[in-house]
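Biologist: I have a model open and would like to learn how to read it. Could you take me through it feature by feature?

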Amino acid sequence: MSKKKGIATRSPEGLVLDCSIVMAWYFVDESSEYADEVARRLPQQAAFVPLNWPLEVANVLFMGERRKRSTQTQAARLLKTLKGLPITLDDETNLHAWNITLSLARAHDLTAYDAAYLELAIRRGLPLASLDDKLKTAAQAVGVPLYGIH
């Protein structure tokens with residue numbers, strides 16, 4: 001493991017998966033080549049997510065149904081797919097919420113939810129997979145590599 005800008009880095013043993021990637025798989029109008037590439041690699045690549053991730057996914061699915069962008073059947077299909085992927089909920093997310101995560105949110109003008117992804121990537125020394133421009137900018141500012149982008 002080496003240090004880069006005060007961030008622990010190592011050869012990737014996984015990635016931090018932002019909700020924006022999953023939603024690009026789900027909503028046709030949000031699809032992207034990058035998200036599709038993450039999806040292709042994910043079955044062979046461990047993914048880590050903060051504890052707020054399942055709630056964030058559920059909320060977006062519900063909002064999609066409410067706005068008539070998707071159905072409960074489509075949501076059930078996505079959730080079944082997600083359960084079959086190597087996605088691990090990080091059990092330390094809440095330990096850092098009121099200190100490191102809050103500091104990252106303040107420093108980079110992020111929501112606490114997005115700052116949780118950044119904190120997780122820093123702590124685990126993993127690259128971040130995201131389509132959120134503000135989150136990607138913050139990641140680069142603190143030396144967190146973006147997954148698949150060199």
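Biologist: Let me start with one residue. Leaving aside its neighbours within four places in sequence, which residues is Leu 128 in contact with?

Modeller: Keep in mind that this is a predicted model. Beyond those sequence neighbours, Leu 128 touches Val 16, Tyr 34, Tyr 117, Leu 135, Ala 139, Val 144, Pro 145, Leu 146 and Tyr 147.

Biologist: And how do I read a nonpolar core?

Modeller: The general idea is that in soluble globular proteins, nonpolar side chains tend to be buried together. Here the largest nonpolar core has 42 residues, and Leu 128 is among those with the most contacts inside it, along with Leu 17, Met 23, Trp 53, Leu 82, Ile 87 and Leu 118. Helix α1, residues 19-26, gives the most to this core, with six residues.

Biologist: Now the sheet. In what order do the strands lie, and is the pairing parallel or antiparallel?

Modeller: Four strands make an open sheet, ordered β5-β4-β3-β6, with parallel pairing. At the edges are β5 (87-89) and β6 (128-129), each pairing on one side only. For a closer look, take β4, residues 47-49: β4 and β5 are joined by three bridges in the parallel sense, and Val 49 stands opposite Leu 89 in β5.

Biologist: Helices next. Which residues of α5 are buried?

Modeller: In α5, residues 97-108, they are Thr 101, Leu 104 and Ala 105. Seen down the axis of α5, these buried residues fall within an arc of 100°, so they line one face of the helix. The face turned away from that buried side carries the exposed residues Trp 98, Arg 106 and Ala 107.

Biologist: What do the buried residues of α5 pack against?

Modeller: Their partner is α6, residues 112-124.

Biologist: Where should I be careful about confidence?

Modeller: The mean pLDDT of the chain is 90, and 91% of its residues reach 70 or more. Over residues 1-11, however, pLDDT stays under 50; the model has 21 contacts beyond four places in sequence for that stretch.

Methods
Residues are numbered from 1 along each chain as its sequence is written. This is a predicted model: local features need pLDDT of at least 70, side-chain atom pairs count only at pLDDT 80 or more; totals for chains, interfaces and linings use all residues. Side-chain values use heavy atoms; hydrogens and water are left out. A nonpolar core is a set of buried Ala, Val, Leu, Ile, Met, Phe, Trp, Tyr and Cys residues joined through side-chain atoms within 4.5 Å. Buried means under 20% relative accessible area, exposed over 50%, partly exposed in between (1.4 Å probe, protein chains only). Helices (H or I, at least four residues) and strands (E, at least two) are DSSP runs, numbered from the N terminus. Contact means heavy atoms within 4.5 Å. Two strands pair if DSSP finds at least two bridges between them. The arc is that of the directions from the helix axis to the C-beta atoms. pLDDT is the predictor's confidence in each residue, from 0 to 100.
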